[in-house]
Amino acid sequence: MLAVRKARRKLRMGTICSPNPSGTKTSSEVCNADWMASLPPHLHNLPLSNLAIPGSHDSFSYWVDEKSPVGPDQTQAIKRLARISLVKKLMKKWSVTQNLTFREQLEAGIRYFDLRVSSKPGDADQEIYFIHGLFGIKVWDGLMEIDSFLTQHPQEIIFLDFNHFYAMDETHHKCLVLRIQEAFGNKLCPACSVESLTLRTLWEKNCQVLIFYHCPFYKQYPFLWPGKKIPAPWANTTSVRKLILFLETTLSERAPRGSFHVSQAILTPRVKTIARGLVGGLKNTLVHRLALISVYPLRFSRRSR
């Protein structure tokens, strides 16, 4: 937790740095981009599940294409409304939940990525895209951006959580898994006992990527971890008070062994929320409320895992 607090403090102070082309750091300070490598030695042998690891929600949604078809994750009613050009512009305001690219999130210290993917209607090939209401970038482009960072930061470990799939049959899944293999190769960590994973064991094996795949297809590949190994309970509320209570409750109830765990400190808009803030969008309607969480001490009943 101390390392994460330091990383957050540096982020607020604007001391994020990234390597220059030669691979050396641009600052004598420890960078957020290398926070795992910079942890004190006594944490290197601690199970990875015992570390507090920063993550992002809808991690890919820093850009969505308002000219693309509406995604299969939306209702038929939304798809009909989206025939009006203005509707897609408004959808974009509520679909974009991040303002940093994958690379920028990694440099800021983010190590867990929440990913939703889909095929695109009318595409002749089997290309897969990130999606949140509207289509984002190609998954392949995102994976390559992540791999580039990992190559420059060989002691940083990331979690890629593929938890929603839309309009994908077996052929699409095979295409996606092949892309994952091509992008990361030997950096992929095979599924194993959660408690056996430490920073040191991963560094010794040169593994940097854990892929969680919330689909039975994971059984066909040793490097795909089942989704049940990383539960992510969701508060589904616009109330900060209810969200904090939910986080405290789920933290105290989580299984002590056998899995990682995601604490989603996010507020979720309802239909009436969107209706009231239609033009303002997600950022101006809900995001500012999340700042209140930092002033509420969470009364965790036991040590975070």
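Two rings of Phe, Tyr or Trp, the last taken by its six-membered ring, are treated as a pair if their centres lie within 6.5 Å. In this predicted model, the count by that rule comes to 14 aromatic pairs.

**Aromatic pairs**

One of these pairs joins Phe-159 and Phe-260 in an edge-to-face arrangement, with 5.0 Å from centre to centre and 80° between the planes. The two residues belong to distant parts of the chain, 101 residues apart, since Phe-159 is in strand S5 (residues 158-166) while Phe-260 is in the loop between H8 and H9. Phe-159 counts as buried because its relative accessibility is 3%, and Phe-260, with a relative accessible area of 6%, is buried as well. A further pair is formed by Phe-212 and Trp-225, whose ring centres are 5.5 Å apart and whose planes meet at 45°, so the pair is tilted. This pair also links distant parts of the chain, with Phe-212 in strand S6 (residues 209-213) and Trp-225 in strand S7 (residues 224-226), 13 residues apart. Phe-212 is buried, with a relative accessible area of 0%, and for Trp-225, also buried, the value is 0%.

Ring pairs also link Phe-60, Tyr-62, Phe-102, Phe-113 and Phe-130 into a cluster. The C-alpha atoms of Phe-130 and Ser-59 are separated by 9.4 Å, although the two residues are 71 residues apart along the chain.

Two rings have a charged group over them: the charged end of Lys-120 sits over the ring of Tyr-129, 4.1 Å from its centre, and the charged end of Arg-179 sits over the ring of Trp-140, at 4.8 Å from the centre of that ring.

Helix H8 (residues 240-253) has 14 residues and spans 20 Å from its first C-alpha to its last, close to the 20 Å expected at 1.5 Å a residue. Its N-terminal end is capped by Ser-239, a side-chain oxygen of which lies 3.4 Å from the backbone nitrogen of Arg-241. The buried residues in H8 are Val-240, Leu-243, Ile-244, Leu-247, Glu-248, Thr-250 and Leu-251. An α-helix has 3.6 residues a turn, so residues three or four places apart point the same way.

Arg-254 lies in the loop between H8 and helix H9 (271-276). This residue is buried and yet has no salt bridge, the nearest side chain of opposite charge being that of Glu-253, 9.4 Å away.

**A buried aspartate and the polar contacts**

Asp-58 is found in the loop between strand S1 (55-56) and helix H2 (76-81). With a relative accessible area of 1%, Asp-58 is buried because buried means under 20%. The side chain of Asp-58 makes a polar contact with the side chain of His-132.

| Side chain | Partner side chain | Polar contact distance |
|---|---|---|
| Asp-58 | His-132 | 3.1 Å |

Notes
Residues numbered from 1 in each chain as written. Predicted model: local features only at pLDDT ≥ 70, side-chain atom pairs only at ≥ 80, totals over all residues. Heavy atoms only, no water. Helix = DSSP H or I, 4+ residues; strand = E, 2+ residues; numbered from the N terminus. Expected span 1.5 Å × (residues − 1). Buried < 20%, exposed > 50% of the residue type's maximum accessible area, 1.4 Å probe, protein only. Polar contact = N/O pair within 3.5 Å; in protein donor to acceptor, adjacent residues only side chain to side chain. Lys, Arg positive; Asp, Glu negative; His and termini not counted. Salt bridge = Lys/Arg side-chain N within 4 Å of Asp/Glu carboxyl O. Phe/Tyr/Trp six-rings, centres within 6.5 Å; stacked < 30°, edge-to-face > 60°. Lys NZ or Arg CZ within 6 Å of the ring centre and 35° of its normal.
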